[in-house]
Amino acid sequence: MTEFIKRLLKTPQGAIGTFLVVLVLAIVVFGPMVAPYDPEKLSPLARYKGPSMMYWLGTDQYGRDIFSRLLIGARATVVMAVLATIAGTLIGALIGTASAFLGGRADELIMRTIDAVMSIPSLLFALLVVNLLGSSTVNALVAVAIAFAPGMARITRSVALSVRKQDYVNAAIARGESSAYIIRREMLPNVIAPIIVEMTIRVSFAVMLFATLSFLGLGAQPPAAEWGLMVSEARRYMHLSAGILIWPSVAIAIVAVGFNLLGDGLRDALNPRT
Amino acid sequence: MIVYTLLVVSLIVFAITQILPADAAVMMLGENATPEALDALRQTMGLDAPIWQQYATWLWHVVQGDLGTSLRTGQPVGPAMFEALGRSLLLALFSIGLMLVLAIPLGIIAAIRRGKIADMVVSLVSYAGVALPEFVTATIAVLLFADWMKWLPPTGYVPLTDNFLDGISHLVLPVCVISIILIAHVSRMVRSELVDVLHTDYIRAARLKGLSRGHVLRRHALRNALLPTITIVALDVGYLLGGVIVVEEIFAIPGIGRQLIVAIQARDLPAIQAGVLIMAATYSIVNFIADILYAWLDKRIQYD
């Protein structure tokens with residue numbers, strides 16, 4: 001494990017990605033404790049303030065402290081994205097493994113159906129699901145999870161199939177190992193790695209999808225400090241103060257780049273060959 | 001294949017619109033309609049029939065080219081949707097064109113100069129490109145180029161046939177915003193494919209044979225490296241169609257994405273069904289063409 005972490009931190013992507021993701025997770029855990037102001041406290045006299053010692057990143061259209069809102073909004077934005085990605089991955093992995101295991105006609109039918117579902121853009125799919133369930137944060141989570149499941153199913157299936165054909169699996173069969181041993185010791189470690197890489201990269205897509213849903217008014221509702229919603233609300237006031245728009249955008253970008261880099265770093269660290 | 005895809009999509013779309021808490025009859029007659037009037041309308045619209053029968057009727061009409069009547073406007077959905085699709089396709093084609101012009105050279109430069117500064121700059125750009133959702137880049141672009149510099153109009157749509165220059169100037173920002181994520185994605189793919197190809201034995205053989213670097217790159221490496229790009233671009237069309245929804249909403253372009261948002265907000269079931277079906281069909285047809293093109297260009301692959 002320590003050797004793996006060393007390998008991960010040796011590449012620039014891995015090191016920067018790990019740093020950014022740890023930073024974001026620290027904000028998720030400790031952000032609300034260290035936030036200097038109440039994120040929903042209105043101060044009509046301190047609107048559109050630029051960055052200062054008092055308000056580190058300035059204030060928004062209602063005089064709310066942007067820094068505090070970002071710190072507290074991290075939970076709504078990042079935790080939801082991670083949960084949705086994990087849920088989508090689990091559903092997808094289940095379908096993908098089942099499809100690879102069943103093989104033949106069933107496999108063909110499942111994969112064709114998944115192709116069909118994937119022909120609906122995931123944003124549109126999420127929009128339909130949220131509209132169906134009603135706009136709220138939890139429903140947005142369900143929508144993103146469902147939108148991610150087909151893609152993950154496809155990846156899991158192809159990985160499982162290619163691993164099954166590897167020489168080391170055949171060697172284990174020839175050695176007379178039990179199926180349980182082969183699945184546990186030979187196949188699983190090799191199937192999980194690419195899925196974790198894909199999952200890490202998808203967290204950044206999930207963050208963006210959530211933000212987009214909130215932007216379209218179908219995710220978090222005001223006055224929540226969700227970052228996508230902050231950008232959306234800032235649009236009307238951006239002429240008065242660009243900071244309201246820029247800071248939550250920077251926050252979204254940090255999360256997206258962080259998870260992307262970490263995913264690439266993990267991929268390199270898990271494949272010592274390349 | 002396409003037929004099966006569209007059948008599954010039609011089932012999903014129909015199922016979702018059936019569970020939607022919207023009663024078409026109530027929507028058309030208003031909240032104060034008498035129960036008798038509602039029942040009569042349901043009967044004429046076939047809403048009292050069993051679900052599977054409604055689905056069969058709807059599907060039969062769709063196959064004949066009748067996508068239904070909008071509950072919001074009372075106009076046929078089909079012509080309005082296809083007109084909107086045309087505007088969206090214009091946007092999509094410009095975006096794909098811009099993407100190809102930029103992403104392929106960027107990917108090639110990064111691959112040949114692997115590990116050098118040019119490679120790092122390209123990867124940096126590609127990471128930055130996937131870092132922001134379209135609505136954020138769009139908003140920032142409007143703030144920068146329309147509000148501050150006043151170079152381009154902030155929103156709106158002018159048909160190219162009315163006023164070509166004005167139409168183009170309205171398209172610049174939306175097209176750039178949509179292409180950013182595509183450029184980032186495709187340039188990375190081109191780079192990794194080309195890096196893989198450059199390490200194969202046949203490339204080394206060609207170099208050892210005494211062929212020049214440029215000749216090997218053009219005649220041997222690029223031909224093989226750029227083939228998978230076709231599939232990637234086709235798969236990215238799904239992403240593109242999603243991006244079009246947001247970008248059209250922000251720039252007030254009356255394309256199919258905007259139509260869909262309006263339809264979803266108004267719970268206009270026939271319009272939702274038609275819009276989703278058209279989007280899925282576009283995606284499937286593009287991917288079908290990509291598969292054929294791929295097989296045609298790469299003789300090793302044969303489809304039945």
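1. H7(A) passes H8(A) in a right-handed crossing. A crossing counts as right-handed if the near helix is turned clockwise from the far one by less than a right angle, and left-handed if anticlockwise. Helices here are DSSP runs of H or I with at least four residues, strands are runs of E with at least two, and both are numbered from the N terminus. The model is predicted: local features need pLDDT of at least 70, side-chain atom pairs count only at pLDDT 80 or more, and totals for chains, interfaces and linings use all residues. Residues are numbered from 1 along each chain as its sequence is written, while chains are lettered from A and ligands numbered from 1 in the order in which they are written.

2. The geometry of this pair comes next. H7(A) and helix H8 (residues 179-215) of chain A pack at an angle of about 155°, and their axes are 10 Å apart. Axes are lines fitted to C-alpha atoms, for helices over the stretch in contact, and angles run from 0 to 180 degrees between N-to-C directions. H7(A) and H8(A) are therefore roughly antiparallel to each other. That label covers angles over 145 degrees; under 35 is roughly parallel, 65 to 115 roughly perpendicular, and the rest oblique.

3. Which residues of H7(A) meet H8(A)? They are A:Tyr168, A:Val169, A:Ala172 and A:Ile173, and they meet A:Ile182, A:Glu186 and A:Met187 in H8(A). Contact means that the C-beta atoms of two residues, placed from the backbone, lie within 7 Å. By class, the contact of H7(A) with H8(A) has six nonpolar, no polar and one charged residues. Nonpolar covers Ala, Val, Leu, Ile, Met, Phe, Trp, Tyr, Cys and Pro; charged covers Asp, Glu, Lys and Arg; the others, Gly among them, are polar.

4. A:Asp167 is found in H7(A), which covers residues 167-175. Is A:Asp167 buried or exposed? A:Asp167 is exposed, because 8 other C-beta atoms lie within 10 Å. The cut-offs are 20 or more other C-beta atoms within 10 Å for buried, 12 or fewer for exposed, and partly exposed in between, with C-beta atoms placed from the backbone. A:Asp167 and A:Leu133 are 34 residues apart in sequence and 47 Å apart in space, C-alpha to C-alpha.

5. The contact of H3(A) with H6(A) holds 20 nonpolar, ten polar and two charged residues.

6. Chain A as a whole has ten helices and zero strands. Its C-alpha trace spans about 75 × 45 × 25 Å along the principal axes. Of its 274 residues, 48% count as buried. Among contacts in chain A between residues at least 6 apart in sequence, 70% join residues at least 24 apart.

7. The largest nonpolar core has 158 residues. Such a core is a set of buried Ala, Val, Leu, Ile, Met, Phe, Trp, Tyr and Cys residues joined through C-beta atoms within 7 Å. A:Ala126 is one of the members that touch the most others. Leaving out residues up to four places away in sequence, A:Ala126 touches A:Ala143, A:Val144, A:Ala147, A:Leu209 and A:Leu213.

8. Chain B has twelve helices and zero strands. Its C-alpha atoms fill a box of roughly 85 × 55 × 35 Å along the principal axes. Buried residues make up 38% of its 304 residues.

9. How do the chains meet? 32 residues of chain B are in contact with 34 residues of chain A. The elements of chain B that give two or more residues include H1 (2-19), H10 (213-251) and H12 (269-297). H1(B) gives the most, with seven residues. The chain B side divides into 26 nonpolar, five polar and one charged.

10. H11(B) deserves a look. Eight of its eleven residues are buried, among them B:Ile256, B:Arg258 and B:Leu260. These buried residues of H11(B) pack against H5 (122-133) of chain A together with H5 (77-112), H10 and H12 of chain B.

11. Two phi values stand out for checking. B:Ala252 has phi near 55°, a positive value in a residue other than glycine. B:Ala252 is found in the loop between H10 and H11 of chain B and is partly exposed, with 13 other C-beta atoms within 10 Å. B:Arg267, which follows H11(B), also has a positive phi, near 55°. Most residues other than glycine have a negative phi.
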